[in-house]
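This report describes a pocket and several helix contacts. The sequence and structure are shown first.

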Amino acid sequence: MINSVLLISNIGRVTGSLSILGSFSIIYMIISDRRRKLGQPFHRLMLLMSIFDILHSAAIVVSTAANPKESNVEGAKGNNYTCDIQGFFMMLGLAVPLYNSCLNTFFVLTIRYNVSSQQFRKFELVLDAIAILIPLSLAIYFTASGVMAPSPIGVCLPEGDIALWTIQSLLFFCFIICIVSMICVCWTVISQATKMEKYTNYSTSRNTPHRGSRVNDDKKRTIQQAVLYTFAFIFTYAFPIMSIFYITQEDEAQPPLAIRILFIIFYPLQGFWNFVFYVRPGVQYVIERSPDMSYLRAILEVIFYPESTVSRRRKSGRRRRSSILRSTNRVTAASDPAISLFESNDSSFKEIYTRGLEDCTSSNEVGGVEISAAELEAQIQQDAKIAEVEIIEEDIEESKLQFQPKMKPRRLSLVHI
């Protein structure tokens with residue numbers, strides 16, 4: 001028994017330290033680029049989730065050292081007060097899965113229902129209140145009730161059926177939100193990609209194969225990201241739910257050793273998974289642009305030099321939107337009776353456009369979606385407007401930066417955060 005508790009506590013210290021390092025890295029990346037990132041809901045939610053994860057992981061790293069000496073637990077050096085403090089931060093750590101659910105809600109609202117960042121501010125304050133006040137209230141209540149005691153995983157947690165069912169219900173609720181939201185996101189991305197494939201099939205741009213492949217790549221990457229988030233959440237909180245279910249249903253004092261080891265391996269790693277998924281898109285982009293660069297160097301560049309990655313993305317995005325505008329102008333000219341584009345010598349363009357309009361008029365179905373010629377023209381015009389607005393916004397932002405006083409960017413160190 002003593003050896004198993006010592007083993008579990010040591011494993012928790014390692015995985016908890018990895019989680020703290022990952023959360024610190026996320027905080028550093030957001031604070032060092034705060035002028036750009038703090039204006040986006042995704043980064044604000046990640047910042048708050050990382051802060052709570054550090055508090056929660058620190059309580060796990062302390063492990064049995066906070067247990068009362070009279071508990072006869074291996075490595076116990078504390079008292080009832082230290083046990084209460086540790087239990088308080090463990091309960092406060094429930095804000096991490098709640099913020100994870102807030103992120104899932106953000107993904108669904110923005111991807112499925114096209115809610116903008118400004119519109120999401122109305123929901124963000126409510127989500128922040130839920131994610132903070134519920135764990136804080138539970139932590140205060142159980143600490144004031146004096147039910148904190150050493151648990152089978154080496155940390156102090158509240159005892160009693162009420163505490164167990166409360167924690168289990170909260171985790172299960174977050175678990176359901178994660179699964180449902182990721183299914184919704186994947187379904188929406190697949191549906192939109194199908195429509196875009198239909199649209200690009202009739203596009204008059206000579207870069208049609210490249211646009212079609214880009215749509216497929218975006219679809220695959222979004223689905224991969226959603227699947228990774230889902231599996232990380234499953235591995236993180238499946239074993240705590242299993243442990244609580246085993247105790248409440250089997251009337252045992254503690255779950256089997258295998259479940260406890262898996263519990264302490266995966267449960268503290270939430271901050272580490274958050275870091276991996278947070279830097280993953282940037283690392284992939286850097287590797288694509290510089291295939292000879294190692295993954296370690298790419299990770300360091302994404303962490304410590306985010307401006308270079310953003311600058312390269314803006315340049316590539318500007319080139320892509322410019323190509324959309326050029327192709328859109330060609331389609332608009334072809335659809336306008338006042339412009340006799342068909343009198344030109346571009347036979348391939350005429351053939352593609354004519355065939356596209358004929359097929360659209362016949363209402364061919366791809367994945368159950370019908371696209372008419374009018375809808376195609378409306379979609380093209382909408383893409384053109386979006387591209388023009390994005391280019392204008394970037395020009396305004398760049399002009400503002402030119403008139404701002406040049407200051408040496410202040411870089412924080414991971415050691416001093």
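## The second largest pocket

The second largest pocket has a volume of about 470 Å³. A pocket here is an open set of points on a 1 Å grid over the protein atoms alone, where a 1.4 Å probe fits, with protein on both sides within 12 Å along at least five of seven lines; lining residues have an atom within 4 Å of a point. Points are joined across faces, edges and corners, and the volume is the space filled by probe spheres set on them. Of the 25 residues lining this pocket, Ser151, Pro152, Leu157, Leu164 and Ile247 are the closest to its centre.

Two or more lining residues come from each of helix 4 (80–92), strand 1 (148–150), strand 2 (156–158), helix 7 (161–201), helix 8 (208–250) and helix 9 (257–266). Helix 8 gives the largest share, four residues. By class, the lining has 19 nonpolar, three polar and three charged residues. Ala, Val, Leu, Ile, Met, Phe, Trp, Tyr, Cys and Pro count as nonpolar, Asp, Glu, Lys and Arg as charged, and the others, Gly among them, as polar.

## Basis of the model

The model is predicted: local features need pLDDT of at least 70 and side-chain atom pairs pLDDT 80 or more, while totals for chains, interfaces and linings use all residues. Residues are numbered from 1 along each chain as its sequence is written, and side-chain values use heavy atoms, without hydrogens and water. Helices (H or I, at least four residues) and strands (E, at least two) are DSSP runs numbered from the N terminus.

## Helix 6 and its partners

Helix 5 (residues 95–112) and helix 6 (residues 117–145) have axes that come within 9 Å and cross at roughly 165°. Axes are lines fitted to C-alpha atoms, for helices over the stretch in contact, and angles run from 0 to 180 degrees between N-to-C directions. The two helices are therefore roughly antiparallel (an angle over 145 degrees). Their contact (heavy atoms within 4.5 Å) includes Leu98, Tyr99 and Phe106 of helix 5 and Phe120, Phe123 and Leu127 of helix 6. By class, this contact has 14 nonpolar, one polar and one charged residues.

Helix 4 also packs on helix 6, with axes within 8 Å and a crossing of roughly 155°, which makes helix 4 roughly antiparallel to helix 6. Asp84, Phe88, Met91 and Leu92 in helix 4 meet residues of helix 6, including Pro135, Leu136 and Phe142.

## Helix 10 and helix 11

Helix 10 (residues 270–289) packs against helix 11 (residues 295–304) at about 110°, with axes 9 Å apart. These helices are therefore roughly perpendicular (65 to 115 degrees). The contact has ten nonpolar, one polar and one charged residues.

Methods. Parallel < 35°, antiparallel > 145°, perpendicular 65-115°, else oblique.
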